[in-house]
Structures are given as C-alpha cells and as structure tokens.
Amino acid sequence: MKELDRVKLIKDRAEYAREGVHKDDVGTIMMGERNGYVLVFFDGEYYEDHGYTLRVDIEVAVRDEDLEVIYGS
C-alpha cells in the first residue's frame, strides 16, 4: 500500500466507529505507514452549499491489516 491508493476498510473497530467509519467504507491513503497505521481520507456524505455539491471527508488513522487495496495509484 502506498499514498493515493484507493482502499476499502475490511474490519470494524471501535476506534474507527467513533470517527464514523465502518466496514466496507472506501477512502484514499493520504500518508504512508507510520507505527503500523496509515492516514486514510474516507469518502463522507455529499451536501449542497450555494449551488455546489460537496463531500465531507473523514480522516482516520487505520491499521495496515484492516485495509484492502481496491485501486493502486
């Protein structure tokens, strides 16, 4: 796994659920491995603001072993 890979969360953990991320959520690795974790920006919900459609990203440090690469950069 490396930066900008698209990944899927394959395991639920309480530390992820507290941030609003659950199994099968998809995101992008934004920072490489550090102490067994990578920083992932998970795709959040869409919303409209002043005529623009925007998306909230959820930033979570995730254990390497809890991710599966679905598209490599």
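Predicted model: local features only at pLDDT ≥ 70, side-chain atom pairs only at ≥ 80, totals over all residues.

Visitor: OK, which side chain has a polar contact of 2.7 Å with Tyr 16?
Guide: That's the side chain of Asp 66. The Asp 66 side chain also makes a polar contact of 2.5 Å with the side chain of Arg 13.

Visitor: And is Asp 66 buried or exposed?
Guide: Asp 66 counts as buried because its relative accessibility is 1%; buried means under 20% relative accessible area, exposed over 50%, partly exposed in between (1.4 Å probe, protein chains only).

Visitor: Where is Asp 66 found?
Guide: In the loop between E4 and strand E5 (67–71). Strands (E, at least two residues) and helices (H or I, at least four) are DSSP runs, numbered from the N terminus.

Visitor: Switching topic: what order do the strands of the sheet have?
Guide: E4-E3-E2-E1-E5, an open sheet of five strands with antiparallel pairing. Two strands pair if DSSP finds at least two bridges between them.

Visitor: Which strands stand at the edges?
Guide: E4 and E5; each has a single partner strand, so one side of each lacks a neighbour in the sheet.

Visitor: How many bridges join E3 to E4?
Guide: 11, with the two strands running antiparallel. E3 and E4 form a hairpin with two residues between them, and His 50 in the turn has a positive phi of about 55 degrees. Asp 49 is opposite Tyr 52 in E4, and Val 38 is opposite Val 62 in E4.

Visitor: Now the inside. How many residues has the largest nonpolar core?
Guide: 11, among them Tyr 16, Val 38, Val 40 and Val 62. A nonpolar core is a set of buried Ala, Val, Leu, Ile, Met, Phe, Trp, Tyr and Cys residues joined through side-chain atoms within 4.5 Å.

Visitor: Which strand gives the most to this core?
Guide: E3, with three residues.

Definitions and conventions
Residues numbered from 1 in each chain as written. Heavy atoms only, no water. Polar contact = N/O pair within 3.5 Å; in protein donor to acceptor, adjacent residues only side chain to side chain.
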